[in-house]
Amino acid sequence: MPKDGGIGASTKRREDVRFLTGTGNYTDDINLRGQAYVHFLRSDVAHGRLNTVDTSAAEGMPGVIRIFTGKDFEGIGGLPCGWQVTDRHGEVMQEPGHPVLAQGKVRHVGDPIAAVVAETREQARDAAEAIELDIEELPAVVDMKAALEDGAPKVHDDLTSNLCYDWGFVEENKAAVDEAFKSAAHVTTLELVNNRLVANPMEPRVAVGDYNRSTGDHTLYTTSQNPHVIRLLMGAFVLGIPEHKLRVVAPDVGGGFGSKIFHYAEEAFCTFAAKALNRPVKWTCSRSEAFITDAHGRDHVTKIELALDAENNFTALRTDTYANMGAYLSTFAPSVPTWLHGTLMAGNYKTPLIYVNVKAVFTNTVPVDAYRGAGRPEATYQLERVIDKAARELGVDPIALRRQNFITEFPYATPVAVEYDTGDYHATMDKLEEIGDFKGFAARRKESEAKGRLRGLGINCYIEACGIAPSNLVGQLGARAGLYESATVRVNATGGLVVMTGSHSHGQGHETSFAQVVAEMIGIDADQVEIVHGDTANTPMGMGTYGSRSIAVGGSAMVRATEKIINKAKKIAAHLMEASEADIELKDGQFSVAGTDKSVAWGDVTLAAYVPHNYPLEDIEPGLEETAFYDPSNFTYPSGAYACEVEVDPETGRVTIERFAAADDFGNIINPMIVSGQVHGGIGQGIGQALLEACVYDENGQLQSGSYMDYAMPRADDVPFYEVDHSCQTPCTHNPLGVKGCGEAGAIGSPPSVVNAVIDALQSGGKNVTHIDMPLSPSRVWQAMQG
Amino acid sequence: MPEVKMTVNGKPASGLIEGRTLLVDFLREKLGLTGTHVGCDTSQCGACVVHVGGRAVKACTMFAAEAEGMEVKTIEGMAEPDGTLHPIQAAFQNHHGLQCGFCTPGMVMSAAALLKDNPTPTEAEVRDYLEGNLCRCTGYHNIVKAILAASGQDVSKIAAE
């Protein structure tokens, strides 16, 4: 058993007490002296020419301080995009401007037109209703394929079309892939939709801008997963504020799931307005507003084809995807359907030839960007669905077909440009068969049938690329940022430590698990280690938390910084014990001289570092504080196998999840309790995508699912208890902790198994249904059964 | 503006309000009790659940004026004065029933109301009762487990947290 507070222990989370007692500090809990409130007047049409914005009546309303429109932002930068994709013809993507407040046109329902700043939230809202708009409504484009037709209305008049890019990967393989399809013994084809989703962290976004006129210092409090990224993007590209005059604070953040990575207009507005008005300006997003302003996720339309030889070996894979960008390019939007999606199309299989085509399309909808998994769920879903369909067409067991094609030797270079360092896909499948009790399935199916229900078992594998990412590699791929992570370890005189990390915790429990790592390395109690994150003023420049990168990249930076601390502490200990540095050992917080009974405690060494009376001042500086930046040499590749059992009510088409099992390989584990929690949450979101959630626009670009009345979030009675296991561990070979990351696995791995299970159930009932698009609502399932 | 008076977490509380001021805004803005959260504007998410007159209420569906003279309990009133967690709060920590913490106050207040009326609920009863409380982090697994544990039931057979 690992020691509580050390690596591998299910240590209870230290952050829980403040959250359980109502003493967390979320951004909306922050109220500054003299703060004003902003309400944004937003477009209620999807596409229109903005002729006039008449604020004259509103300006005289009670409490109104000032009303801002697009004119106030004419000389100011727009929101930048952080990734430039180059298309299959060598051309860079089309990149439209993205003003803070609309200028000339509105391009989606929710596009901000004017910002009313008033003494109270209610006064700001009341005054916004008195603004008179003259908008000439234009035809909207919503459907991606229609948006690419000749003569389609253009979202951006200054672009040549609504096509952002036409990406081919690997372009040089295209001819060989096409040739392999011609000689295939069997080809399985599937057309599917990866449904558009809304991330819906339970805490809506909030921004509070503050400005100190006497020092010129700006502060932005915001609900962000990466405050340093916001500081850089907003400071350098939007408002022209150098980093040393801009502090960004992301305090307790109530979930993110990707949607709080991006730099949003409201952050720039509050920062700008705080200076313009010389008083703090606060914006709190309502949930209805979140639905029309938070970046959405997924929204791919795909045709996938799998070629097999006569022995059922996969010989080639070809996919053709339309990916919705929405009306503007959100911060990392172009990377999601390309480098986070195409590079994962090999999955767990040794398919030798793969070609991926992605057309990214502008439409009059909210921008689409990364949502939990970001590209990898889209890759996994189509691949694991087409394999299941192939198994049915060939009359072979879907598990056997997968096992036959598994990659078994590592490292493995895929034909889509990534190298898996390690994995054991048979091991996770073996574990899944055990924890999913596949042997008992036939009996459970009989029981269901006795009740008049159809029962199905669906499985799938997944692989993902986490720990994003080697900076030089992503730079070549178009990233306009590095993707290292940072940590500063500050040891205090009496032995306690503060670790300042560039990662950000918004539910992941870093304050607990990061402390476990450092405590283990030094051999002290975890409660001697404090983790600080979320404030650019007291953390080193870091890229934040997304893509399951925190422990793999941020944890590695913390390890490197702690190693520097230990090395220096050993020098001090050697001096104190008059021994050779090479003979010093650190164990359980004691430095000892090998082969002797001499020892000094951790606290003696840290005190000596700050009270250097007896200290090698000629060799080393006093103090004990070190910083490390870690840039990974590769992605990490968590993998696993998931199983879902459903019952379908043939009378109504209603699907219920009866059992769900997940066998993951995350490499080494720091806190198993937290890891299981991450998987549970991902599965909940994956089941939501598969059965319930759909972000729906009508043909005019009106959002039909704009509140929790219409957007079906998974609730406690939609899901069962989950069986999760992460005992299969092939440690990552290239980071110091051997960790892979676990944040997205559940959301990546679960949708295909749910759909595969429903198809299995329907086929067991004699229904020749081969595919239903998500979400598998009762009406869709019932309709499919009638066909 | 009229004044409203009520008892919040055992102490008298009062403040000037507009007629349209919601109870949740009164608690957060006027009393500084920011543990009660606002996660939606359609009374669906349950992040704002408090107890009014001993019953679970979504504080976004009630005007502050309607709570005149009532006993209100919020998440800040659940632990003992010395900081000892309420058994439901302790169960949430022990079983990892929270991640980002935003839905947590509402979950705890709903759970407390459930266990008052139904001291040993079944798993299905817990799930059914939580219909009005959304969580996006946990997949509900450890929330349901924590509430069953808080009711004194053996949860050791349920898959690991």
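G452 of chain A has 10 C-beta neighbours inside 10 Å and therefore counts as exposed; the cut-offs are 20 or more other C-beta atoms within 10 Å of its own for a buried residue, 12 or fewer for an exposed one, and partly exposed in between, with C-beta atoms placed from the backbone. G452(A) sits in the loop that links α12 (441–450) to β20 (454–463) of chain A. Helices here are DSSP runs of H or I with at least four residues, strands are runs of E with at least two, and both are numbered from the N terminus. In space, G452(A) is 9.0 Å from E651(A), C-alpha to C-alpha, although 199 residues separate the two in sequence.

Please note that this is a predicted model, in which local features need pLDDT of at least 70 and side-chain atom pairs count only at pLDDT 80 or more, while totals for chains, interfaces and linings use all residues. Residues are numbered from 1 along each chain as its sequence is written, and chains are lettered from A and ligands numbered from 1 in the order in which they are written.

I turn to helix α9 of chain A, residues 376–394. Of the 19 residues of α9(A), 15 are buried. G395(A) follows the helix, with a positive phi near 70°.

Next, the sheet of chain B. Five strands form an open, mixed sheet in the order β2-β1-β5-β3-β4, where two strands pair if DSSP finds at least two bridges between them. Because β2 (11–16) and β4 (55–58) of chain B stand at the edges with a single partner strand each, one side of each has no neighbour in the sheet. The twist averages 40° from one strand to the next; axes are lines fitted to C-alpha atoms, for helices over the stretch in contact, and angles run from 0 to 180 degrees between N-to-C directions. Strands β3 (49–52) and β5 (71–73) of chain B run antiparallel and are joined by two bridges, with H51(B) opposite K73(B).

Finally, the interface. In all, 46 residues of chain A are in contact with 49 residues of chain B, contact being C-beta atoms, placed from the backbone, within 7 Å. On the side of chain A that touches chain B, α17(A) supplies the largest share, seven residues.

Note on methods:
Contact = placed C-beta atoms within 7 Å.
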